[in-house]
Amino acid sequence: MGKRHNLRQQKKLHLGPFRELGCYLEIALHEGIDDQAANRLVMAFIEEVVEPRGLIYGGTLGFGYLCTAAPGNVSEDDRAAIAAWLVARSEVATHTVGELVDAWR
């Protein structure tokens, strides 16, 4: 039987109603994409998808993690919007938007 935590402990440990979910993201670009084009892609990704949805992206162009800027969860709608945006970009060869996982574990 697991240990029971009161609300203060749950908040401190990010458990129960205080749990926060995020997802991993992997992106592979087509061969021949130069550094300037890759930098433009990153800036467009942040400006067009990440910031308007109140998300934060940490990592590199190839691999990173998405979570919310304020306490909360990345939603399935966020994941779908990110995947759709990446599919529409000609620079992106493949991408994987991972399942929602606990951002604190």
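Reader: What radius of gyration does the protein chain have, against the value for a compact globule of 105 residues?
Author: This is a predicted model, in which local features need pLDDT of at least 70 and side-chain atom pairs count only at pLDDT 80 or more, while totals for chains, interfaces and linings use all residues. The radius is taken over C-alpha atoms, and the globule rule is 2.2 Å times the number of residues to the power 0.38. A compact globule of 105 residues would come near 13 Å, but the protein chain has 16 Å.

Reader: What box do the C-alpha atoms of the protein chain fill?
Author: The box is taken along the principal axes. Along these axes, the C-alpha atoms fill roughly 55 × 25 × 20 Å.

Reader: In what order do the elements of the protein chain run from the N terminus on?
Author: Helices (H or I, at least four residues) and strands (E, at least two) are DSSP runs, numbered from the N terminus. The protein chain has three helices and five strands, and their order is α-β-α-β-β-α-β-β.

Reader: Is R79 buried or exposed?
Author: Residues are numbered from 1 along each chain as its sequence is written, and side-chain values use heavy atoms, with hydrogens and water left out. R79 lies in helix α3, residues 76-88. Buried means under 20% relative accessible area, exposed over 50%, and partly exposed in between (1.4 Å probe, protein chains only). Because its relative accessible area is 12%, R79 is buried.

Reader: Which residues is R79 in contact with, leaving aside its neighbours within four places in sequence?
Author: Contact means heavy atoms within 4.5 Å. With those neighbours left aside, the contacts of R79 are C23, V74, V97, G98, E99 and L100.
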